[in-house]
Amino acid sequence: MERIAYGTNENQFGELRLPEGDGPHPVAVVIHGGFWKEHFGLEIMNDAAESLTSQGFATWNIEYRRIGQEGGAWPGTLKDAAEACDYLSQLSNSHSLDLKKVITIGHSAGGHLALWVAGRHRLPEDSELVTSTSPLPIAAAVSLAGVNDLRSMYEVHHRRDSSLSLQPANPTAELLGGAPDEYPKRFKEANPVELLPLNVPQVIVHGSMDINVPVGISDHYYQMAENLGDFIKYVELPEDEHFMLTDTNSQAWETILEEMNLLKKHI
């Protein structure tokens with residue numbers, strides 16, 4: 001494993017793992033979750049990255065500036081994810097990477113970023129989130145229990161907290177700076193469902209027992225993507241909760257590996 005900076009901030013780095021063999025290797029860009037908050041880092045995806053590397057993927061497990069850190073939240077968190085992916089073009093000069101087979105795979109908030117990075121070519125030219133006029137094309141995107149619709153996730157937290165008479169921070173509002181009616185442009189441009197059709201193959205995996213990110217968010221995203229003509233596969237795991245999707249000893253992870261290997265063959 002090699003830790004490599006893609007920017008100048010201490011949180012702008014990734015960890016590159018290479019499989020055995022000469023390559024060129026397909027690449028899995030691994031993106032951790034944690035509701036974009038500073039106390040969750042890329043180490044929570046180490047096992048997943050190592051497992052994918054053992055399957056023949058070069059893995060680029062990325063870190064990014066997060067809520068609570070200087071430069072984190074809007075727009076830094078999203079721009080970091082984009083720039084980390086684009087940095088693969090530089091890494092390919094010294095490592096045997098197949099840039100035609102780059103798959104983003106993220107869990108929870110990382111699932112949001114995995115889909116968003118795959119769809120950012122759909123952003124308007126004047127968007128604050130545009131980091132390149134020729135972003136690295138993503139061959140496929142995989143969202144594991146992902147926050148695939150920011151507006152829906154905002155409403156879930158808002159209603160849940162209101163019903164409990166709580167006023168904790170709403171993580172989606174923290175990411176984007178406020179509520180949807182305050183920042184409609186941000187909620188549109190940062191939201192994968194608003195960028196559909198992505199014109200990129202996608203696999204959505206979600207556990208029915210998830211209480212952190214409701215499975216209905218993936219249901220809705222899948223229906224929207226399919227109706228708009230995207231090639232998308234939806235895998236609902238009836239017995240699994242949120243964190244089982246990154247447990248490399250679980251049956252859920254075996255299913256995810258199967259989907260990743262299928263993508264590797266067909267992209």
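**Close-up views of a predicted model**

**View 1. Helix 2 is mostly covered.** In this predicted model, helix 2 spans residues 76-86, and nine of its eleven residues are buried. Looking along the helix, you will find Gly 76, Thr 77 and Leu 78 buried, then Asp 80, Ala 81 and Ala 82, and finally Ala 84, Cys 85 and Asp 86. What do the buried residues of helix 2 pack against? Their partners include three strands, namely strand 3 (25-31), strand 4 (58-62) and strand 5 (97-107). Helix 3 (88-91), helix 4 (109-119) and helix 6 (171-176) also pack against the buried residues of helix 2.

**View 2. Trp 60 and Tyr 87 form a stacked pair.** The structure holds four aromatic pairs, and here is one of them: the ring centres of Trp 60 and Tyr 87 are 6.5 Å apart and their planes meet at 20°, so the pair counts as stacked. Because Trp 60 belongs to strand 4 and Tyr 87 to the loop between helix 2 and helix 3, the pair ties together parts that are 27 residues apart in sequence. Are these two residues buried or exposed? Both Trp 60 and Tyr 87 are buried.

**View 3. Lys 264 lies over the face of Phe 57.** For this view, look to the ring of Phe 57: Lys 264 sits at 4.7 Å from the ring centre.

**View 4. The largest pocket is lined by 14 residues.** The largest pocket holds about 260 Å³ of space. Nearest its centre lie Gly 33, Gly 34, Phe 40, His 242 and Phe 243.

Methods. Residues are numbered from 1 along each chain as its sequence is written. This is a predicted model: local features need pLDDT of at least 70, side-chain atom pairs count only at pLDDT 80 or more; totals for chains, interfaces and linings use all residues. Side-chain values use heavy atoms; hydrogens and water are left out. Buried means under 20% relative accessible area, exposed over 50%, partly exposed in between (1.4 Å probe, protein chains only). Helices (H or I, at least four residues) and strands (E, at least two) are DSSP runs, numbered from the N terminus. Contact means heavy atoms within 4.5 Å. On a 1 Å grid over the protein atoms alone, a cavity is a set of points where a 1.4 Å probe fits but cannot get out, and a pocket is an open set with protein on both sides within 12 Å along at least five of seven lines; lining residues have an atom within 4 Å of a point. Grid points are joined across faces, edges and corners, and a volume is the space filled by probe spheres set on the points. Rings of Phe, Tyr and Trp (its six-membered ring) pair if their centres lie within 6.5 Å; planes under 30 degrees apart count as stacked, over 60 as edge-to-face and the rest as tilted. A charge sits over a ring if NZ of Lys or CZ of Arg is within 6 Å of the ring centre and within 35 degrees of the ring normal.
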